[in-house]
Amino acid sequence: MELTFPVIDFSKLNGEERAAAMEMIKDACENWGFFELVNHGISHELMETVERLTKEHYRKCMEQRFKEMVVSKGLEAVQSEINDMDWESTFFLRHLPESNMSEIPDLEEDYRKVMKEFAVELEKLAEQLLDLLCENLGLEPGYLKKVFYGSKGPTFGTKVSNYPPCPKPDLIKGLRAHTDAGGIILLFQDDKVSGLQLLKDGQWIDVPPMKHSIVINLGDQLEVITNGKYKSVMHRVIAQTDGTRMSIASFYNPGSDAVIYPAPALLEKEADKSQVYPKFVFEDYMKLYAGLKFQAKEPRFEAMKTVESAVNLGPIATV
């Protein structure tokens with residue numbers, strides 16, 4: 001049967017169709033790990049400016065560098081599969097706990113300003129979504145935000161990527177398959193050039209490009225906090241032979257010292273108490289993830305259990 005990727009009209013949460021929209025979000029979190037939001041409240045004009053300036057910045061500051069890298073590594077003539085790199089051109093912006101925007105070279109003032117404004121909107125949307133997840137899970141309002149908070153608040157950043165045309169998309173992935181380590185991810189992707197795929201029931205499924213939509217996916221931390229009720233899902237980017245795909249992914253993650261563990265309120269409801277996810281400090285998970293990003297997540301969770309038994313984390317301070 002043809003699977004339809006879940007697209008949710010966010011404006012319906014304010015009307016009589018709220019229950020149906022919440023049910024769709026719940027189903028997407030349990031069975032897909034991904035969903036696409038339309039009418040999410042972020043101005044289309046702002047999104048179009050972000051897209052225009054991102055593409056301009058890539059053409060002006062990144063494209064030539066990428067082409068030189070391809071030539072220096074002889075990538076246009078590869079004959080066998082490449083497993084240790086991705087066909088992408090990227091830079092990272094950090095917003096919280098403190099911004100690094102002023103330190104990024106080559107960013108024009110108007111681009112910096114627009115990205116800052118966009119980040120504020122995405123941060124609000126991320127926190128709204130976390131509260132909707134709390135509601136669907138039967139957790140108290142604000143629970144997820146509080147767990148993510150740590151002592152300095154959440155970590156929030158944006159990975160700005162472009163995936164240029166690739167002569168050998170069967171041999172080099174735009175981005176190799178992985179799950180996201182963090183919390184909740186909000187993606188503004190190209191509405192013309194596709195390439196993002198997620199793994200569902202053993203099949204790779206396209207995440208459809210849609211104008212003005214924001215694609216949401218869940219990271220490993222939400223899988224841990226929900227004790228596996230919600231799953232982070234493997235996804236990848238297939239490079240295309242024509243067209244450059246823009247991808248602006250913003251990661252709303254726990255603070256580095258936040259302690260992550262399955263929500264006690266959810267564990268109480270579970271009949272089978274034997275399968276419990278580990279408890280750990282977010283930063284420790286990230287150190288482990290850095291070396292294992294493109295491998296299965298289960299061994300990462302197991303490794304954190306070993307750490308957990310060696311270190312008793314003591315009582316949790318709730319802010």
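**Reading helices, strands and salt bridges**

Analyst: Start at the end of helix α3. Gly138 follows α3, and its phi is positive, near 80°. Helices (H or I, at least four residues) and strands (E, at least two) are DSSP runs, numbered from the N terminus. This is a predicted model: local features need pLDDT of at least 70, side-chain atom pairs count only at pLDDT 80 or more, and totals for chains, interfaces and linings use all residues. Residues are numbered from 1 along each chain as its sequence is written, and side-chain values use heavy atoms, with hydrogens and water left out.

User: How many residues does helix α3 have, and what span does it reach?

Analyst: The expected span is 1.5 Å times one less than the number of residues. Helix α3 covers residues 109–137, which is 29 residues. From first C-alpha to last it reaches 42 Å, close to the 42 Å expected.

User: Now sheets. What is the strand order in the open sheet of four strands?

Analyst: Strands of a sheet pair through backbone hydrogen bonds, either parallel or antiparallel. Two strands count as paired if DSSP finds at least two bridges between them. Here the order is β5-β10-β7-β8, with antiparallel pairing. The edge strands are β5 (175–178) and β8 (203–206), and each pairs on one side only.

User: How many bridges join β7 to β10?

Analyst: Three bridges join β7 (residues 196–200) to β10 (residues 235–237). In β10, Arg236 is the bridge partner of Gln197.

User: Next, salt bridges. How many are in the whole structure?

Analyst: A salt bridge is a side-chain nitrogen of Lys or Arg within 4 Å of a carboxyl oxygen of Asp or Glu. The search finds 22. One of them joins Glu135 and Arg18 at 2.8 Å, N to O. Glu135 is in helix α3 and Arg18 in helix α1 (residues 18–31), 117 residues apart.

User: Are Glu88 and Lys159 buried or exposed?

Analyst: Buried means under 20% relative accessible area, exposed over 50%, partly exposed in between (1.4 Å probe, protein chains only). Glu88 has 17%, so Glu88 is buried. Lys159 has 9%, so Lys159 is buried too. Their side chains meet in a salt bridge of 3.2 Å, N to O.

User: Where is Asp86, and which side chain does it join in a polar contact?

Analyst: A polar contact is a pair of N or O atoms within 3.5 Å; within protein, one must be able to donate a hydrogen and the other to accept it, and residues adjacent in sequence count only if both atoms are side-chain atoms. Asp86 sits in the loop between α2 (44–72) and β3 (89–96). Its side chain joins that of Arg176 at 2.9 Å. Asp86 counts as buried because its relative accessibility is 12%.
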